[in-house]
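This briefing goes through the model by topic.

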Amino acid sequence: MTTKPPPIKPRDRDTIISALRAGVVPRIGLQHIQVGRQREIEALIQDIERISNGGSSIRLVIGAYGAGKTFFLFLIRQIALQRKLAVCQADLSPDRRIHATGGQARTLYAELATSLATRTSPDGGALRNILESYIQKASERASSSGTTIENAIKEGLVDLREMVGGYDFATVIVAYARGYEEGNSNLQDAALRWLRGEYTTKTEARGDLGVRTIIDDASFYDGLRLLARFTRLAGFGGLLVCLDELVNLYKLQSAQARKQNYEQILRVFNDVLQGTTQGIGFILGGTPEFLLDTRRGLYSYEALQSRLAGNSFAGNGLADYSGPVVNLPNLTPEELYHLLERLRDVFAAGDQEKWLVPDAALHAFMDHCANRIGEAYFRTPRNTVKAFVDLLAILQQNPGTDWKDMLGAVDVAEDRGGAGDLPIDDVEGGADDELATLRI
């Protein structure tokens, strides 16, 4: 017996349908189409609680193309926002990576800082709100202690100043607060530019803010740690950093560039495992090749391989969800059927009387997909879902059309990834001594 689905807002309905028809993950309304993977979600919720309590975490979310990694990351992001964490997210690309010397790491940091979101600003751009939340708290402390607001702001940043790069980070926050109190929008904008990693020269930053450093390639990780500590000072639970498409590191032509990026990941792992960082969590999304390939993947770096190895006692029906790697299981046919039910409900805005197709159509659609592409229809369901949403869209816009007549015209292709499967030329490290192989 199917449980009654939660009510669906018109905005959620339209966003879900538009996103899925385009083959991308909707940013809102994910609860209406979530099926399966309950244990994995529970494990990440424990991480969120650990971050809120001042701890740290790092997880690798591993799944094949089209298996639902991005959906899973967006779902965890939504949960983290509801638990009063600040969240930032970005996809890695040729222009954005964790370690670089040509500006790519700074660009990634800038993207993360721009995407910074909170429960009240879920679409990003929340850095200004976080700053003003901190100023408000400092103002309350100043009123209760009889000191000035500026002194209260500076006193609250003492711990921040002791961190790597923290002195200038705190100086910029004080500058923003001064601009906020004086109504100086130019000073506020300059401070925001610095905190977002948008300055490219130290000379310009010194002229605008009187600081000697900027957030650049070398300070990518230190900048995130400072941002995480500051979000906690501003009253939030901490910072969750979501990085997707880490397969772009695997596809770097330069072995040296890959190694340097993997060393940066190792640094984060060591900090988390040793408890030397606070209030920050990382979720890294990648493919099985990115993790397991001993020539180009994380397993090519011995120190990471030892940290990422699975529990040898897991298996034969036993699972360990406490390790650093979360392998997303394939959806079962039953779970995919439940997903199609939920999509049918989304189209009907939760009104069973407005269902466009009966249960028999769901079974027939799944049989059709199985005949066209075999088991891939539920193992990597992105294209299957897109085809089903397209079918419902046609039926909705053409009343009286028989779904049986339409079913044979539904085209479902196996999801093999996209142009992102090509190896990436690296401008820093020179040619690789390995031959890159294209996935066909």
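**Confidence and overall make-up**

The model is predicted, so local features need pLDDT of at least 70 and side-chain atom pairs count only at pLDDT 80 or more, while totals for chains, interfaces and linings use all residues. Residues are numbered from 1 along each chain as its sequence is written, and side-chain values use heavy atoms, with hydrogens and water left out.

- A further stretch with pLDDT under 50 covers residues 427-440, for which the model has 31 contacts beyond four places in sequence.
- The average pLDDT of the protein chain is 87, and 88% of the residues score at least 70.
- The protein chain contains 20 helices and 5 strands; helices (H or I, at least four residues) and strands (E, at least two) are DSSP runs, numbered from the N terminus.
- Of the 440 residues of the protein chain, 51% are buried. Buried means under 20% relative accessible area, exposed over 50%, and partly exposed in between (1.4 Å probe, protein chains only).
- Among contacts in the protein chain with a separation of 6 or more, 72% are between residues 24 or more positions apart.

**The sheet**

- The 5 strands form an open sheet with parallel pairing, in the order β2-β3-β4-β1-β5. Two strands pair if DSSP finds at least two bridges between them.
- β2 (86-91) and β5 (325-327) are at the edges and have a single partner strand each, so one side of each lacks a neighbour in the sheet.
- On average, neighbouring strands of this sheet are turned by 15° against each other, direction ignored.
- Strand β1 (residues 56-62) runs parallel to strand β4 (residues 280-286), and 7 bridges join them. Within this pairing, Ser-57 stands opposite Gly-281 in β4, and Arg-59 has Ile-283 in β4 as its bridge partner.
- Helix α2 (residues 38-52) packs on the sheet and touches β1, β3 (239-244), β4 and β5; the direction of α2 makes about 155° with that of β1. Axes are lines fitted to C-alpha atoms, for helices over the stretch in contact, and angles run from 0 to 180 degrees between N-to-C directions.
- β3 and β4 run parallel and are joined by 5 bridges; the bridge partner of Leu-239 in β4 is Ile-280.
- β2 and β3 also run parallel, joined by 6 bridges, and Ala-90 stands opposite Leu-243 in β3.
- In β4, 7 of its 7 residues are buried. Ile-280, Phe-282, Leu-284 and Gly-286 are buried on one side, and Gly-281, Ile-283 and Gly-285 on the other.
- In a regular strand the side chains alternate between the two faces of the sheet.
- β2 has 5 of its 6 residues buried, so it is largely enclosed by the rest of the structure.

**Nonpolar cores**

- The largest nonpolar core has 83 residues, of which Leu-60, Phe-169, Trp-194, Leu-209, Leu-243 and Ile-265 touch the most other members. A nonpolar core is a set of buried Ala, Val, Leu, Ile, Met, Phe, Trp, Tyr and Cys residues joined through side-chain atoms within 4.5 Å.
- Helix α8 (residues 166-182) gives the most to this core, with 8 residues.
- A second, separate core has 56 residues, including Leu-20, Leu-73, Cys-242 and Val-357.
- Leaving out residues up to four places away in sequence, Leu-60 touches Phe-269, Leu-284, Phe-290, Leu-291, Leu-298, Leu-308, Pro-324, Val-325 and Val-326.

**A helix pair**

- Helix α11 (residues 220-233) and helix α13 (residues 255-274) have axes that come within 11 Å and cross at roughly 35°.
- From α11, Phe-220, Tyr-221, Asp-222 and Arg-225 meet Gln-264, Arg-267, Val-268 and Asp-271 in α13.

**Loop residues**

- Gly-310 is in the loop between α15 (302-308) and β5 and counts as exposed, at 62% relative accessibility.
- Glu-245, in the loop between β3 and α12 (247-250), has a positive phi of about 60° although it is not a glycine.
- Ala-349, in the loop between α16 (333-347) and α17 (359-373), is not a glycine either, yet has a positive phi of about 55°.

Terms used. Contact = heavy atoms within 4.5 Å. pLDDT = per-residue confidence, 0-100.
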